[in-house]
Amino acid sequence: MRDVLLIALYAFAGAAVTGLAGAAALRRLRRRSLTVSLAVVAAVGVCGVLAGTLAVAWAMFLSPHDLTVVTTVVAMAAVVSLVTALILGRWVVARSRELAIAARSFGEGGDFNAPATPATAELAAVSRELAATSARLAESRERERMLETSRRELVAWISHDLRTPLAGLRAMSEALEDGVADDPARYLKQMRTEVERLNGMVGDLFELSRIHAGTLPLTPSRISLYDLVGDALAGAGPLAHAHGVRLVGDGVAPVPVEVDAREMSRVLGNLLVNAIRRTPADGTVAVAAECSPDGVVLSVTDGCGGIPEEDLPRVFDTGWRGTDARTPPAGAGLGLAIVRGIVEAHQGRASVRNIPGGCRFEVTLPAAP
């Protein structure tokens, strides 16, 4: 038993010295190729056996003949291990290089195409993550492109809409200044109308900037949709009367919600104004509210005749007004973008779909506890 313990002790000492030397070598070579590291690991394993054998032989536990046999066997094992490590290392390095080239392609703005050659489980996992990242980057680039397009359209449309009332204000002010206005009171009333329009556009831009910056202040309170819709219908009544449009709010259930009453009133007001302006005379705009598995659904249905299917995904984009609305009083194309921003700030969602004779805007809000 004592001899066995001594053999184990000498073998462990020899292998430990080899292991320490291998660890030091790996530390110094940690920035080199994986092939070198694998070769070092294989060499440490074989040299550890050889060192332990030599230590035991030095302690006179092995005969010279036995030592020669063991050394020869270990040497052959070392050759096979090193060759295997080199082959494996070169294969892994080649797969890593292919993965790096594929990653460089999507890093420069392209799509990631995973290498077709099979790789290790770890490299395959990295490849899957890179593919998912590439998909997310592609979606982000597409969103950025769409936002940039919306910003350019918004700037063009806002510039156009600002130029019209400003030109009118300048002409009327010059007429009043020169004393050539035949009806100064009418000129002053029209100037006030134009100033109010400009003030509304600036207010919408400010509201939209706060929404995009994520700084829209909300003060939620528990309120019934019945009261919320009633106030909105009362506010939109004069506009509906002027356009000859009927407002219907009979399908509103007294469902409680926790929302910022002021901001949600703006949402309803924007939807109603948009529906009234798009509905022909003698048409009907209906408001309804009901509970659903997703929460509380508030809808505004108009008689606009429908929206082209290709335009439906852009309805809530900033600056979008459709092809038939390039001049006031259609607005600057900010109302529906503000609707979506306020609804999403309430953890809800806004959507639109066509129905026979018109379209239906829906706002889904979380149900109050």
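This report covers a surface patch and several salt bridges in a predicted model.

## A nonpolar surface patch

Met76, Val79, Val83 and Ile87 form a nonpolar patch on the surface. Together they have about 380 Å² of accessible area.

Ile87 is one of these four residues. It is found in helix α3, which covers residues 64–107. Ile87 has a relative accessible area of 55%. The cut-off for exposed is over 50%, so Ile87 counts as exposed.

## Salt bridges

Side chains of opposite charge can pair when their charged atoms come close. The count here comes to seven salt bridges.

## Arg170 and Glu174

The side chains of Arg170 and Glu174 meet in a salt bridge, at 3.2 Å from N to O. Both residues lie in helix α4 (residues 121–178). They are four residues apart, so about one helical turn separates them.

Arg170 is exposed, at 58% relative accessibility. Glu174 is partly exposed, at 37%.

## Glu263 and Arg262

Glu263 and Arg262 also pair through their side chains. This salt bridge spans 3.1 Å, N to O. Glu263 is buried, with 2% relative accessibility. Arg262 is exposed, with 60%.

The side chains of Glu362 and Arg353 form a salt bridge of 3.2 Å, N to O. Glu362 counts as buried at 16% relative accessibility. Arg353 is partly exposed, with a relative accessible area of 41%.

A network of salt bridges links Arg353, Arg360 and Glu362.

Technical notes: Residues numbered from 1 in each chain as written. Predicted model: local features only at pLDDT ≥ 70, side-chain atom pairs only at ≥ 80, totals over all residues. Heavy atoms only, no water. Patch = residues over 30% accessible without salt bridge, like charges linked within 9 Å, V, L, I, M, F, W, Y side chains within 5 Å. Areas by Shrake-Rupley, 256 points an atom, 1.4 Å probe, with all protein chains shown as cover. Helix = DSSP H or I, 4+ residues; strand = E, 2+ residues; numbered from the N terminus. Buried < 20%, exposed > 50% of the residue type's maximum accessible area, 1.4 Å probe, protein only.
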